[in-house]
Amino acid sequence: MGSGMEAARRVLEHPGSDASSAAALPSGFYDAFVLRGIRVEAAEPGRLLCRFTVPSRLLNSGGFLHGGATASLIHLVASAVFHTTGSSSSTSSSTSPLEMNISYLDAAFPDEEIEIEAKVLRAGKAVGVALVDLKKKSGKLIAQARYSNYLAPSSKL
């Protein structure tokens, strides 16, 4: 049992990493780190189309787009698509995801250009639902997600 714990620690805790430098990173660093290089190609009510060239900084140990980076791209683009609906409740800059269901269907490789398309299925008073597709240039799906977001403005008590 102890050796399993040590193995997990070696994988997760990355001995020798400088925790103080990570703590000094500015707020919002992660979103900027993931999104750097994204291009909005089209925006219309309820739809957002983006292009993104897979950078080496977002690769997993297998050499393709990390699943967590894929989830972050989905979250950030899906959150942004609600701004295209024009409803006053979706214009807040803060987002509160409720649920994300992602099917990973193929790999995206370094320097590969991918398309990220988000479509609003419903934008109610409090909850919005979007569908997000990540595709290769060939049209082959890399990942597909259904994303739910809390749209109502936060109360300022």
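Biologist: What share of the contacts in the protein with a separation of 6 or more is accounted for by residues 24 or more positions apart?

Modeller: A contact means heavy atoms within 4.5 Å, and in this predicted model residues 24 or more positions apart account for 63% of the contacts with a separation of 6 or more. Local features need pLDDT of at least 70 and side-chain atom pairs count only at pLDDT 80 or more, while totals for chains, interfaces and linings use all residues. Residues are numbered from 1 along each chain as its sequence is written, and side-chain values use heavy atoms, with hydrogens and water left out.

Biologist: Which residues have the most contacts inside the largest nonpolar core?

Modeller: A nonpolar core is a set of buried Ala, Val, Leu, Ile, Met, Phe, Trp, Tyr and Cys residues joined through side-chain atoms within 4.5 Å, where buried means under 20% relative accessible area, exposed over 50% and partly exposed in between, with a 1.4 Å probe and protein chains only. Here the largest such core has 28 residues, and Leu65, Val81, Phe82, Ile114, Ile116, Val132 and Leu134 have the most contacts inside it. Helix H4 (67-81) is among the elements that each supply at least two of its residues, and H4 gives the largest share, seven residues. Helices (H or I, at least four residues) and strands (E, at least two) are DSSP runs, numbered from the N terminus.

Biologist: Where is Asp111, and is this residue buried or exposed?

Modeller: Asp111 lies in the loop between strand E3 (96-104) and E4, and counts as exposed because its relative accessibility is 64%. Although not a glycine, Asp111 has a positive phi of about 65 degrees.
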